[in-house]
Amino acid sequence: MDGDSKRRAIPLNSLDNIVTQRIAIYPGSFDPITNGHLDIVKRSLGIFDKIIVGIAVNSRKQTLFSRDERLAITREVFATDARVEVDAFEGLTVEYARARNACAILRGLRAVADFEYELQMANMNRKLHENLETVFMMTSEKSFFVSSQNVKEVARFGGDISELVPAAVARVLAAKFGKSIR
Ligand code: ADP
């Protein structure tokens, strides 16, 4: 190799990074984001280079927080980690994943009750996009009982949710229900 071509050569490992950056879409309602979601994202960063938290906007699904509120809260929670992007999308997760060059859909599993629905979704998604894997992460023991639904129920009645959600979420829930934070 002469001096000139040496200078122009692209280091192989940087090329690898461009080609094989492993991006996963973590789709969900995130109404609101909880420590259970957070735990899944943190642990999956050991497997993927980048996680896109995809806030699914579904006009038929009633949510406590609007699309823009969920985007703002979730972005605040991940503000310090450049490997996590927060976005909103409408329509099929597989199409969104394709558009974002993701190699996987990330989902969390808590109880057996989650399993049947998740299995159906994963199979349907594979039918729609055969190269896209769904990767499941088991909840950790401290989060297995945490869901957006029960966090909202507890917050509505003024219960203490400080160990179940990030501080920013506790604040917006208290504001939503007109309660003070304990
Ligand atoms: P969806 O309406 O799609 O179920 P959610 O925001 O409720 O959206 O959940 C998004 C994903 O995160 C789902 O795969 C769900 O099972 C998972 N998840 C939610 N809470 C937890 C938790 N505490 N531990 C592990 N996974 C969780």
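Where is proline 32 found? Proline 32 sits in the loop between strand 1 (23-28) and helix 3. Helices (H or I, at least four residues) and strands (E, at least two) are DSSP runs, numbered from the N terminus. The structure is a predicted model, in which local features need pLDDT of at least 70, side-chain atom pairs count only at pLDDT 80 or more, and totals for chains, interfaces and linings use all residues. Residues are numbered from 1 along each chain as its sequence is written.

Most residues other than glycine have a negative phi, and most peptide bonds are trans. Aspartate 31 and proline 32, however, are joined by a cis peptide bond, with omega at about 0°. Phenylalanine 30 lies in the loop between strand 1 and helix 3. Phenylalanine 30 is not a glycine, yet its phi is positive, at about 50°. A residue is buried if 20 or more other C-beta atoms lie within 10 Å of its own, exposed if 12 or fewer, and partly exposed in between, with C-beta atoms placed from the backbone. Phenylalanine 30 counts as buried because it has 24 C-beta neighbours inside 10 Å.

Asparagine 101 also has a positive phi, near 60°, and is a residue other than glycine. Its place is in the loop between helix 5 (93-99) and strand 4. Asparagine 101 has 10 other C-beta atoms within 10 Å, so it is exposed.

Next comes the ligand. There are 16 residues around it, and Gly28, Gly36, Arg107, Gly108 and Thr139 come nearest. Here a residue is near a molecule or strand if its C-beta atom, placed from the backbone, lies within 6 Å of it. Helix 3 (35-44) and strand 4 (104-109) each supply at least two residues of this shell. Helix 3 gives the most, with three residues. By class, the shell has three nonpolar, ten polar and three charged residues. Ala, Val, Leu, Ile, Met, Phe, Trp, Tyr, Cys and Pro count as nonpolar, Asp, Glu, Lys and Arg as charged, and the others, Gly among them, as polar.

Two packed helices are described by the angle between their axes and the distance between the axes. Helix 4 (residues 67-77) and helix 8 (residues 167-177) pack at an angle of about 150°, with their axes 9 Å apart. Axes are lines fitted to C-alpha atoms, for helices over the stretch in contact, and angles run from 0 to 180 degrees between N-to-C directions. Helix 4 and helix 8 are therefore roughly antiparallel to each other; angles over 145 degrees count as roughly antiparallel, under 35 as roughly parallel, 65 to 115 as roughly perpendicular and the rest as oblique. Ile73, Glu76 and Val77 of helix 4 meet Ala168, Val169 and Val172 of helix 8, where contact requires C-beta atoms, placed from the backbone, within 7 Å.

Note on methods:
Two residues are in contact if their C-beta atoms, placed from the backbone, lie within 7 Å.
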